[in-house]
Amino acid sequence: MKHTTRLMNIVQRSLDGPIIEEEDFNNKNVSQGLARVVAKYEIKVEKDRIVNLDDDLADRVWDAAVDFLASCGVYCQNTGRVILHSREEIETILKKAPDNVWIGAGTDAIHEVVRGVEDPRRPLLMGSAIGTAIEEEFYIPAAISYIQEPEVDVTMVPTLDKIYGYDIRTRSPLEIMSAWREAELALEALRRAGRPGMAFTGLGSSISDVGQLSADGPGGLRNTDLHTFGIISELKTNFEILNKLTHILYRDGIIDPYANPIYGGLGGGMEGQAVLITAAMIALNVVFMATCVGSSPTHPFNFNDTGREVMIPSSLSWQALARNSHLLTNLTITAVGGPGTKTLLYECVAFTVMSTVSGGSRLLGPRSATGSITGHFSGLEARFTGELLGAASKLNREQAEEIVQKAYAKYKDDLTKKPYGKHFKDVYDLKTLRPTPEWMKMYEEVKNEVAGWGLSFD
Amino acid sequence: MTISYDVLEKAITDGDIQTGVTESLKMVDSGTKPLEIFSDCIEPVLADVGDRFSRLEIFLPEMICSAEVVKAIQEALKPYLEADQTSTSKGKIVIATVSGDLHDIGKNIVKAMLEVNGFEIKDLGVDVSPQTAVRSAKDFNADIIALSALMLPSIPFVKDVIDFVEADTDVRERFKVIVGGGPVSEEWADEAGADGYGDNAIEAVAIVRRLMGV
């Protein structure tokens, strides 16, 4: 096991850090703390521009985030205490953060490296619906629809909607059974697609520590896979989360956690949200010892991250991280549109271009139909996203902004209409595992259209 | 004589508890009926706060601050309201995120939206067992149990609450159960026997209003 001392240090801070009521942590440490640094560092975004062009602003967001995190800390719900690190400690730990990692095994392993703003290297793609549920009968075909795509570098398999006909119930035997079943099906899908060593993330069918960790070991999630867990919004943890971290460390696994700040929530508007996202990514490394840090900042009513008000702080935050750290960062496209809609494809264009020029090292998704509609996802949108990653890597931020604005104009009015599209079985031929002609035609039309906007797919 | 509510309106909008309480007490002392203060000033101002949040012109911290001012005013005017045998509450709701689920921001947004729309809320927090939800609703004498589940393996606990309420004929007459959260759909809510489903906080307020007939 690595980093025993560091883990003990974090656990110790959760046991003897400052005591505070959770509501006071929300209001004073988070909300008021963010308001303080937004004013102190004069964080002000241009509301008409989605892709940030202001390097000085990005650097101020970074300074604000470190200042904020050093005063706010991370709240441990079990102990009612704050896990605090000073600014100096944060900066020291970040210097030792990984700037590259091999993910997967054998010839299917890929190398994730830190990227900068306008970096010409293509980010990696975790082609996946990011834990969206599907019926078991469609599970393997749906998973293969992603794994078979050459543009997909790593994956996260779907979650099961039921286990042997029963609802999956957390902290029960049914959850442990679902975790094992998910691992079995994932490994089978990888094998059938001819990419057995490709890394997958898991285990989304289970959420508790006992459920998730039960199938993290021999016969289940491998140490070359990505081991994920989410922290609680905003900047909170508990022993279940720290138990997951401890187990992953003993497994020598790749630690790939995420934090999804909610726009309009405790962070307030776009300025507070930019600082909060940045601080949360720093906390994932400093407190949760992440190898890679990830986010899908969330809209409070549409549950996506492809709206202007979420993409603006995401771009700013990702540039702050890329310019001031060597953290391996990943964003998730959480789209409102589902398969069989052009809305989904335009959302992929805007978000992929924004995140690529802003310095992300890996992109996750697309989580079609906000990940909340059973079976509404397919591999074709991942293929398109992978192609977009290559094309977007050739752009500078001004060019990217123009394309993002064009794509955004195409779908902005659809976001509240929630065009969730079709089920996987209705957009793919289940025998050939190819997209239906109708879905393929839609993809080709949008791809040709955006090629005319300056995206080169050569 | 026309009453000016400018100071009180500003105090609620700005989240200024001290000014809000002082001004409302001053108005009562000068003869304005407490219920009139609520119907003519506080309710429309809070409705506007809720509307502005639903358009994301203001955010959760501002909405919570406004709700806190009104809670303090309600507390300060309680003796007067009791003397008049009147209430400002439009209904009582217990709200919770169910077992195994630790997401609280979405629930807190719904809670704040309901508060600024005049409902009395008891927040049970996150990871709440079905038994605790039903027991707390009885203790609070609630009209509605509002449940949130953002994770698929937590949904069965929502159904448990509905089943517990259904199984108890006494509380079945008293409680309505409304549900929401990422993996919960209207179709699921109908099948489970919920009394209402809200996709988001705006819809939750509309459903509660409909169920309470306000």
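Two strands count as paired here if DSSP finds at least two bridges between them. With that rule, β5(A) and β17(A) pair in the parallel sense over four bridges. This is a predicted model, where local features need pLDDT of at least 70, side-chain atom pairs count only at pLDDT 80 or more, and totals for chains, interfaces and linings use all residues. Residues are numbered from 1 along each chain as its sequence is written, chains are lettered from A and ligands numbered from 1 in the order in which they are written, and side-chain values use heavy atoms, with hydrogens and water left out.

**The sheet in chain A**

- Helices (H or I, at least four residues) and strands (E, at least two) are DSSP runs, numbered from the N terminus.
- Eight strands of chain A make an open, parallel sheet, and the order is β14-β12-β11-β7-β5-β17-β16-β15.
- At the edges sit β14 (254–255) and β15 (292–295) of chain A, each of which pairs on one side only.
- Strand β12 (residues 226–227) of chain A runs parallel to β14(A) and is joined to it by two bridges; A:L226 stands opposite A:I254 there.

**Strand β5, covered on both faces**

- What about burial in strand β5 (residues 124–128) of chain A: how many of its residues are buried? Five of its five are, where buried means under 20% relative accessible area, exposed means over 50%, and partly exposed lies in between (1.4 Å probe, protein chains only).
- On one side of β5(A) you get A:L124, A:M126 and A:S128, and on the other A:L125 and A:G127, all buried.
- In a regular strand the side chains alternate between the two faces of the sheet.
- On the β17(A) side, A:M126 has A:L364 as its bridge partner.
- β5(A) also pairs in the parallel sense with strand β7 (residues 154–156) of chain A, over three bridges; here A:G127 is partnered with A:T155.

- The peptide bond between A:G202 and A:L203 is cis, with omega about 5°. A:L203 belongs to the loop between β11 (200–202) and α7 (209–214) of chain A.
- Another cis peptide bond runs from A:G365 to A:P366, with omega near 0°, and A:P366 is in strand β17 of chain A.
- A:A369 is not a glycine, yet its phi is positive, near 50°. It lies in the loop between β17 and α12 of chain A and counts as buried because its relative accessibility is 0%.
- A:L433 is also a non-glycine with positive phi, about 55°. You'll find A:L433 in the loop between β18 (428–429) and β19 (434–435) of chain A, and it counts as buried because its relative accessibility is 12%.

**Two buried loop residues**

- A:S325 sits in the loop between α10 (308–324) and β16 (328–334) of chain A. Why does A:S325 count as buried? Because its relative accessibility is 14%.
- A polar atom of the A:S325 side chain lies 2.8 Å from the backbone oxygen of A:L321, and a polar atom of that side chain lies 3.2 Å from the backbone nitrogen of A:L327.
- A:T370 is in the loop between β17 (362–367) and α12 (379–392) of chain A, and it counts as buried because its relative accessibility is 10%.
- Leaving aside neighbours within four places in sequence, A:T370 is in contact (heavy atoms within 4.5 Å) with A:N302, A:F303, A:N304, A:T334, A:A335, A:V336 and A:Y420.

**Where chain A meets chain B**

- At the interface, 32 residues of chain A are in contact with 27 residues of chain B.
- The two chains bury about 2400 Å² between them, 65% of it on carbon and sulfur atoms; buried area is the accessible area (1.4 Å probe) that two parts lose on being put together, summed over both.
- A:R169, A:I207 and A:F301 supply 27% of the area that chain A buries against chain B, more than any other three residues.
- How many salt bridges are there between chain A and chain B? The count is four, taking a salt bridge as a side-chain nitrogen of Lys or Arg within 4 Å of a carboxyl oxygen of Asp or Glu.
- A:K418 and B:D199 meet through their side chains in a salt bridge (2.5 Å, N to O).

Conventions: Polar contact = N/O pair within 3.5 Å; in protein donor to acceptor, adjacent residues only side chain to side chain.
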